[in-house]
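Here are some notes to read alongside the structure. Please keep the model open while going through the points.

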Amino acid sequence: MIKPFSDNIIFVDTEFSSLDPYKGEILSIGLVKLNGEELYLELEYAGEISDWVKENIVPTLRGAKVSRGEAIQKIKSFIGDKEPFMVSYINQFDAIYWYKLFGLENNPCYWIPIDFASILFALGIAPESYYFGDKNNFYEKIGIDHSKYKQHNALDDAKLLREVYLKFLQLNPQDLEKIQK
Ligand SMILES: [Mg+2]
């Protein structure tokens, strides 16, 4: 049902230290290519962390951390030089903190990030439908069992986004109508 401009894309999700863009930095990042290849990293970080993040994200981090420099190298070699469009769900924080990590010069993705929430909006679907607790049963309607994904794990979030995106490529107008209601 969606006809994307390009299939040169990569699904990205990050967990970060704060919703304040002046303070926030990436703590963990999940990247999944269209072909399913994936990369997950947790980054060293010694700065301030918001209370919500302390409670909900920090306990879910697995342990082994890489420096920010190592993260840049690993992500760049994973992505390669095709400059894919970075697709995230509610991407403003991911994108800002991505730019804080890479700077303008080192960004391995195309410079315009793509927001899946905006894609939903353009299809007449409430952008928050994507949340697991959606009262209109978004996931049931699109036929995805989200229980296999751990919410707020950056890799799981990126894998889920890939699955939803692939599903949207297949939706017919009748399916779409059901989701819009
Ligand atoms: Mg996430």
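**Notes on the fold**

1. Read along the sequence, the chain of this predicted model follows the pattern β-β-β-α-α-β-α-β-α-α-α-α. That pattern holds seven helices and five strands.

2. On overall dimensions, the C-alpha atoms of the chain fill a box of roughly 50 × 35 × 25 Å along the principal axes. A compact globule of 181 residues would have a radius of gyration near 16 Å, and the chain has 16 Å, so the two agree. Buried residues account for 26% of the 181 residues. Of the contacts between residues at least 6 apart in sequence, 67% join residues at least 24 apart.

3. The five strands form an open sheet in the order 3-2-1-4-5, and the pairing is mixed. Strand 3 and strand 5 (114–115) are the edge strands, each pairing on one side only. Strand 1 and strand 2 pair over seven bridges in the antiparallel sense. Within strand 2, G30 is the residue that stands opposite D13.

4. Which strands does helix 2 touch as it packs on the sheet? Helix 2 touches strand 1, strand 2 and strand 3, and its direction makes about 175 degrees with that of strand 3. Helix 3, by contrast, runs at about 90 degrees to strand 1 and lies across strand 1, strand 2 and strand 4.

5. Helix 6 covers residues 154–170. Its 17 residues, at 1.5 Å a residue, should span 24 Å; the end C-alpha atoms are 25 Å apart, which agrees. Its buried residues are A154, L155, D157, A158, K159, L160, L161, R162, V164 and F168. An α-helix has 3.6 residues a turn, so residues three or four places apart point the same way. The buried residues of helix 6 pack against strand 1 (9–16), strand 2 (26–33), strand 3 (38–42), strand 4 (85–88), helix 4 (116–122) and helix 5 (138–142).

6. In soluble globular proteins, nonpolar side chains tend to be buried together. Here the largest nonpolar core has 27 residues, and I10, F11, V12, L31, V87, A158 and L161 touch the most other members. At least two residues of this core come from each of strand 1, strand 2, helix 2 (68–79), strand 4, helix 3 (92–106) and helix 6. Helix 6 gives the largest share, seven residues.

7. What does V87 touch, leaving out residues up to four places away in sequence? V87 touches I9, I10, F11, V12, I114, F116, L161 and Y165.

Definitions and conventions: Residues numbered from 1 in each chain as written. Predicted model: local features only at pLDDT ≥ 70, side-chain atom pairs only at ≥ 80, totals over all residues. Helix = DSSP H or I, 4+ residues; strand = E, 2+ residues; numbered from the N terminus. Expected span 1.5 Å × (residues − 1). Buried ≥ 20, exposed ≤ 12 C-beta atoms within 10 Å, placed from the backbone. Contact = placed C-beta atoms within 7 Å. Core = buried A, V, L, I, M, F, W, Y, C linked by C-beta atoms within 7 Å. Pairing = 2+ DSSP bridges. Axes fitted to C-alpha atoms, helices over the stretch in contact; angles between N-to-C directions. Rg over C-alpha atoms; globule rule 2.2 N^0.38 Å.
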